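Try each task yourself before you read the solution.

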Amino acid sequence: MKWENRGHEYDLVYHEIEKKKSFYLFGAGDYGRQFFHIFNKEIQIKGYIDNNKLKQGNFFHGKKCYSLEEITLAADEGIIVTMSQIARVKPVEQLKNQGYKKDIDFFIIEEFLSVYYVYKKNEVYFSSISFLPSTACNLNCRNCLNFNPFAKKFYVRKWEDLVKDVDLFFRCVDHIMLFHVSGGEPFLYKYTADLIEYIDTNYGQRIDTLRMVTNGTVVPEEKVLEKLSKCNVEITVDDYREAVPQYNMEFDKLIEKLEKHQIKYYINKADSWIDLAPEKTDYSYMTEEELIQHRTACNQSWQELRDGKLYNCNYAAYATVAGIAGEQDLEEVYELKDFSKEQKKELVEFRLGYMQKGYTNFCKKCRGFTIENSEEVEPALQMNK
């Protein structure tokens, strides 16, 4: 999205939020859970909406779950879409097809959270950030969203640089829903447990969920697990056993170790991945306006924190590190060292997708998270190294 009225892009959105007396949360999953615990004392939550028939009729956090068809919104009621980027593509179209208007009848979780807090409380509250200590990985997934198969070498960061980034980030950001430490495979990086400990010790009170993701194929040393067991961290264990059955024993051993050390974990078994297809996509023919529209339609909801900067699209940042997107220009990043307290709304706008240019260079090679890009692929399919 291109900045047109920097520092005031969400004035009208907040005006619409203020009109609402109560909300339904569309998505009774992980994001819905996190959002509820942040907002259940801030706003009136009437219930959940979910397309999963097994959830409909049940109660989550004391709130009933409905199908969308069961809901009739009053003028002072709204819907907040509490789903991840990939999961909500079709539900957003579902809402539009039923006549609901974005930013009037329904709101996206990242935008609602940040806009509500910066306008109502003058606080910078991010939904999430992606933080990669290293891209080193023992797998070679064909559709890796770090684009590792294209990289000539892994990118491994120094410990001192990680600490600087974390400290600078929390000098600018008051609170965050999900601080996400990823990779690569984090258990291959020797300072991962130290990083989690540092973040939790120094900033844990300002993080709703500190999470680390692992591909489930690496069993860390006991000293790593002992350190993690003392931290308030959740481990997401991706289940790729169908794609890489040779690691079944490691997966079982990892789960056994996490339970032994009483480390909170969740097993994530994705049915499919999305293919951004940079090797098959060429939008270089698009005009500036068409590229802006492409980026706006995607509105990819994650950003990366690296080298004192926020990168407007984390996948564009990953592609640059992998060497397939060229250099990112200055309009694609936000220098946190230049941030001042008077720029809170501007920082929030950048985090929600606004930028001076309106698109990233990688947009010319990326299909994006759009309704047109429905090419789902099997998770973790391996390529020969």
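Before you start, one definition: buried means under 20% relative accessible area, exposed over 50%, and partly exposed in between (1.4 Å probe, protein chains only). The model is predicted, so local features need pLDDT of at least 70, side-chain atom pairs count only at pLDDT 80 or more, and totals for chains, interfaces and linings use all residues. Residues are numbered from 1 along each chain as its sequence is written, and side-chain values use heavy atoms, with hydrogens and water left out.

**Exercise 1. Salt bridges**

Take the bridges Glu304–Arg306, Asp275–Lys280 and Glu221–Lys223, and work out whether each partner is buried or exposed.

Solution. Start with the rule: a salt bridge is a side-chain nitrogen of Lys or Arg within 4 Å of a carboxyl oxygen of Asp or Glu. The count by that rule is 28 salt bridges.

- Step 1: Glu304 and Arg306 meet at 3.2 Å, N to O, and both residues are buried.
- Step 2: Asp275 and Lys280 meet at 3.6 Å, N to O. Asp275 is buried, at 5% relative accessible area, whereas Lys280 is exposed, at 52%.
- Step 3: Glu221 and Lys223 meet at 3.8 Å, N to O. Glu221 is exposed at 51%, and Lys223 is exposed at 59%.

**Exercise 2. Ring pairs**

Classify the ring pairs Tyr14–Tyr119 and Tyr334–Phe350, then find where each ring sits in the chain.

Solution. A pair of aromatic rings is described by the distance of the centres and the angle of the planes. Rings of Phe, Tyr and Trp (its six-membered ring) pair if their centres lie within 6.5 Å; planes under 30 degrees apart count as stacked, over 60 as edge-to-face and the rest as tilted. Searching the whole structure gives 32 aromatic pairs.

- Step 1: Tyr14 and Tyr119 have ring centres 5.2 Å apart and planes at 20°, so call this pair stacked.
- Step 2: Tyr14 is in helix H1 (residues 11-19) and Tyr119 in helix H4 (residues 109-120), so the pair links distant parts of the chain, 105 residues apart. Both tyrosines, Tyr14 and Tyr119, are buried.
- Step 3: For Tyr334 and Phe350, the centres are 5.5 Å apart and the planes at 55°, so this pair is tilted. Tyr334 belongs to strand S15 (residues 333-335) and Phe350 to helix H11 (residues 344-351), 16 residues apart in sequence. Both Tyr334 and Phe350 are buried.

**Exercise 3. Two helices**

How do H1 and H4 cross, and which residues meet between them?

Solution. Axes are lines fitted to C-alpha atoms, for helices over the stretch in contact, with angles from 0 to 180 degrees between N-to-C directions.

- Step 1: The axes of H1 and H4 come within 10 Å and cross at roughly 90°.
- Step 2: That makes H1 roughly perpendicular to H4 (under 35 degrees is roughly parallel, over 145 roughly antiparallel, 65 to 115 roughly perpendicular, the rest oblique).
- Step 3: Now list contacts, meaning heavy atoms within 4.5 Å. From H1, Asp11, Tyr14 and Ile17 meet Phe112, Val115, Tyr116, Tyr119 and Lys120 of H4.

Notes:
Helix = DSSP H or I, 4+ residues; strand = E, 2+ residues; numbered from the N terminus.
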